[in-house]
Amino acid sequence: MFLIHKFNTFLCRAATMVPCQVPRWSTWIFRASPQWQRTACALGASMGQQRWLSLPWRVSGPLAFRGCSSTALGVPRVMPTSERYPVQRLPFSVVSEEDLAAFERIIPGRVITDPEELEVANVDWLRTIRGCSKVMLRPRTTEEVSRILRHCHQRNLAVNPQGGNTGMVGGSVPVFDEIILSTALMNQVISFHDVSGILVCQAGCVLEELNRYVQERGFIMPLDLGAKGSCHIGGNVATNAGGLRFLRYGSLRGTVLGLEVVLANGTVLDCLTSLRKDNTGYDLKQLFIGSEGTLGVITAVSILCPPMPKAVNVAFLGCPGFAEVLQAFSTCKGMLGEILSAFEFMDAECMQLVGQHLHLARPVQESPFYILVETSGSSAEHDSAKLDGFLEQALGSGLVTDGTVGTDHSKIQSLWALRERITEALSHDGYVFKYDISLPVERFYDLVMDLRGRLGLRAKHVVGYGHLGDGNLHLNVTAEAFSAALLDALEPYVYTWTAAQRGSVSAEHGLGFKKKDVLGYSKPPTAVQLMWQLKALLDPQGILNPYKMLPARA
Ligand SMILES: O=C(O)CC[C@@H](O)C(=O)O
Ligand SMILES: [Zn+2]
């Protein structure tokens, strides 16, 4: 106990509590976005606008002159994806007035052609890429999705399925004029079983709302993300999102028990079972988990929710070096065992950025690294005793130099915010080049330091943080603005470095538009070829989320 008193803040003991809720990106996004929504369609012809007007949009009726201007009042424009990246529009049909009328018959009043609403849906939340869709559809039911896709399939119209649009790799916004198929109104819970903890719901349910719903019944969602306030469960599953509870509850590939999916031609594939065990044939739902909307549109999900832990503790600790971070992780696994539920790390530059841009105070003495250790268990006393044991050991052996522990809701929330809001802080720092890689943990920080040397003053910040417990590094590089030269210095260097370690070039964010061409760094040509064959089988016309996930074919 003596050693624990060296901590600069108190150890608050043994409170029984609900799992923490933390601030989320959406709060911030929604605060910022109204200005951005105010596009100036009638403003002078920016480069983007000229290109827009050269597209075949000059028709009469609701589609006429609804180009999404790239110039927002007072806010830097987001360059259209088709201008920044070398990508060619595929020969899909263009939405006509007749198509709009057909959609209006399927979903009356929910065919959106308003430029302000489209502006938001065309741009990713990082504000790095921009599509130019002219129409967004908001179905409420699987039957409506099926009828929409049947129509699009017959007409060869490309479709961009969109959930909460919180993705990191440009998978959730159109590249050109794909129809945006939003799951926002598909937000009903279908059933919840309070013995098994199995939740069945529509794809557009917001993760945080689901978590609240199951929490009221004594359970939690098996995943938690910074974007929880706006991301949709269907999008989470389509991305196979990882997040903050992965260490404890594993991948969605394990917790998703069933899916309902609408295929490209409108066929409904009903695999929405809620069985823990089912060895009958190929597990087709796995094809759609992580397929990023390229093989079908997920319309409903059956998911296994773990019981809500009765006691949660969070320790936020300073470490003198990366070797100590790794050693602390080993010690944690050994001493906390079954109650360890998160092991996250961030470097000193991350802490500096959350302080500078979000005014979050550093809760411990300045250190080169910080770790966040969470325990979740069923006995507050037992868990606290175990955590104390670990802290004594870590402090006594110099793995940790300072720390603070929270067991009450608000302290846990504020400690998690330091880690969860790094993404938000980075976005305030300028243009962000993001890498989400799986590596052997021993090599994590070598890459960060290597890049700092390689980029020198060309980068504003090179930071490393992430889910160390899952072997997942978030390597982010900020610059005043997008720079092709900086991109050239980063890529393919980061990918070849990762491939040399047999790592993954996308641990949890998927490939989307931005990373589709680097799939080959993590998968052999035979696997990529098989992926294309699956795509051709399920979506022969390629109308579902084109330009995403799969690299262009040679
Ligand atoms: O912004 C990033 O690169 C990571 C976002 C998210 O996956 C996180 O773990 O905070
Ligand atoms: Zn992450």
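This is a predicted model: local features need pLDDT of at least 70, side-chain atom pairs count only at pLDDT 80 or more; totals for chains, interfaces and linings use all residues.
In which sense do strands S11 and S15 pair, and over how many bridges?

View 1. Strand S11, which spans residues 340–347, pairs with S15 in the antiparallel sense, and the two strands are joined over two bridges. One residue pair to look for in this view is Phe345 with its bridge partner in S15, Gly466. Strand S15 itself covers residues 461–467, and because six of its seven residues are buried, the strand is largely enclosed by the rest of the structure.

**View 2. The hairpin of strands S15 and S16.** Strand S16, made up of residues 472–479, pairs with S15 in the antiparallel sense over seven bridges, and Tyr465 has His474 in S16 as its bridge partner. Four residues lie between the two strands of this hairpin, in which Gly471 takes a positive phi near 70°.

**View 3. The shell around ligand 1.** The residues that surround ligand 1 are Met168, Gly226, Ile422, Thr423, Lys434, Asp436, Gly466, His474 and Asn476. At least two residues of this shell come from each of helix H16 (422–427), strand S14 (431–438) and S16. Sorted by class, the shell has two nonpolar, five polar and two charged residues. Gly466, the bridge partner of Phe345, and His474, the bridge partner of Tyr465, are both among the residues surrounding ligand 1.

Key
Residues are numbered from 1 along each chain as its sequence is written. Chains are lettered from A and ligands numbered from 1 in the order in which they are written. A residue is buried if 20 or more other C-beta atoms lie within 10 Å of its own, exposed if 12 or fewer, and partly exposed in between; C-beta atoms are placed from the backbone. Two strands pair if DSSP finds at least two bridges between them. A residue is near a molecule or strand if its C-beta atom, placed from the backbone, lies within 6 Å of it. Ala, Val, Leu, Ile, Met, Phe, Trp, Tyr, Cys and Pro count as nonpolar, Asp, Glu, Lys and Arg as charged, and the others, Gly among them, as polar.
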